[in-house]
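The sequence and the model are shown first.

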Amino acid sequence: MDFRIMGVDSPLFSTLQQMMDLADDTDKSSFNAPTRTYVRDAKAMAATPADVKEYPSSYVFIIDMPGLKSGDIKVQVEDENVLVISGERKREEEKEGAKYVRMERRVGKFMRKFVLPENANADAISAVCQDGVLTVTVEKLPPPEPKKPKKIEVKIA
């Protein structure tokens, strides 16, 4: 609403108009823009493809990690049900006299987050990295025992 159009030209109304204009500009730019952390995490997640398999007794997450050592990979559980696989692939140190002609392998941080199903046992997780493939196994909880129907005695009045 523009108070100037209505013919009201006092300092109070012009200050109010400036505040409203500032609020409109702020809403459009800073509140809708993603944070740097969000953009970095989104790129890291998009660049880390994974396969997820379900077996009768476990869930298995398979991620290619060529050239990484176990110390470069972190596997953890956040908020009791979010499996987080993260780490960093570092650039090899350049040897004197050598320069890159082409560089296609990705370097930098990587991360994937998976919300675990209710029947996943967050206390029984194992991770193995062999031949550049990380395999994370999450055991399933045993199925709950079916509830027996409660018997209620019928009394004769």
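In this predicted model, Asp-131 is found in the loop that connects β6 (120–130) with β7 (133–140). The phi angle of Asp-131 is near 55°, a positive value in a residue other than glycine. Asp-131 counts as exposed because its relative accessibility is 75%, and the cut-off for exposed is over 50%.

Glu-80 also has a positive phi, near 65°, and is likewise a residue other than glycine. Glu-80 lies in the loop between β3 (73–78) and β4. With a relative accessibility of 74%, Glu-80 therefore counts as exposed.

Along the sequence, the elements follow the pattern α-α-β-β-β-β-β-β-β. Of the 157 residues in the chain, 21% are buried.

A further loop, between β4 (82–89) and β5 (108–115), holds Tyr-100. Tyr-100 has 37% relative accessibility and so counts as partly exposed, since that class lies between the limits of 20% and 50%. Together with Met-103 and Val-107, Tyr-100 forms a nonpolar patch on the surface, and the three residues share about 240 Å² of accessible area.

Attention may now turn to the largest pocket, which contains about 370 Å³ of space. It is lined by 17 residues, of which Arg-89, Lys-90, Glu-92, Arg-105 and Val-107 are the closest to its centre. By class, the lining of the largest pocket consists of 11 charged, 5 nonpolar and 1 polar residues.

Definitions and conventions. Residues are numbered from 1 along each chain as its sequence is written. This is a predicted model: local features need pLDDT of at least 70, side-chain atom pairs count only at pLDDT 80 or more; totals for chains, interfaces and linings use all residues. Side-chain values use heavy atoms; hydrogens and water are left out. Patches are made of residues with over 30% relative accessible area and no salt bridge: like charges are joined within 9 Å, nonpolar side chains (Val, Leu, Ile, Met, Phe, Trp, Tyr) within 5 Å. Accessible areas come from the Shrake-Rupley method with a 1.4 Å probe; for residues, only the protein chains shown count as cover. A salt bridge is a side-chain nitrogen of Lys or Arg within 4 Å of a carboxyl oxygen of Asp or Glu. Helices (H or I, at least four residues) and strands (E, at least two) are DSSP runs, numbered from the N terminus. Buried means under 20% relative accessible area, exposed over 50%, partly exposed in between (1.4 Å probe, protein chains only). On a 1 Å grid over the protein atoms alone, a cavity is a set of points where a 1.4 Å probe fits but cannot get out, and a pocket is an open set with protein on both sides within 12 Å along at least five of seven lines; lining residues have an atom within 4 Å of a point. Grid points are joined across faces, edges and corners, and a volume is the space filled by probe spheres set on the points. Ala, Val, Leu, Ile, Met, Phe, Trp, Tyr, Cys and Pro count as nonpolar, Asp, Glu, Lys and Arg as charged, and the others, Gly among them, as polar.
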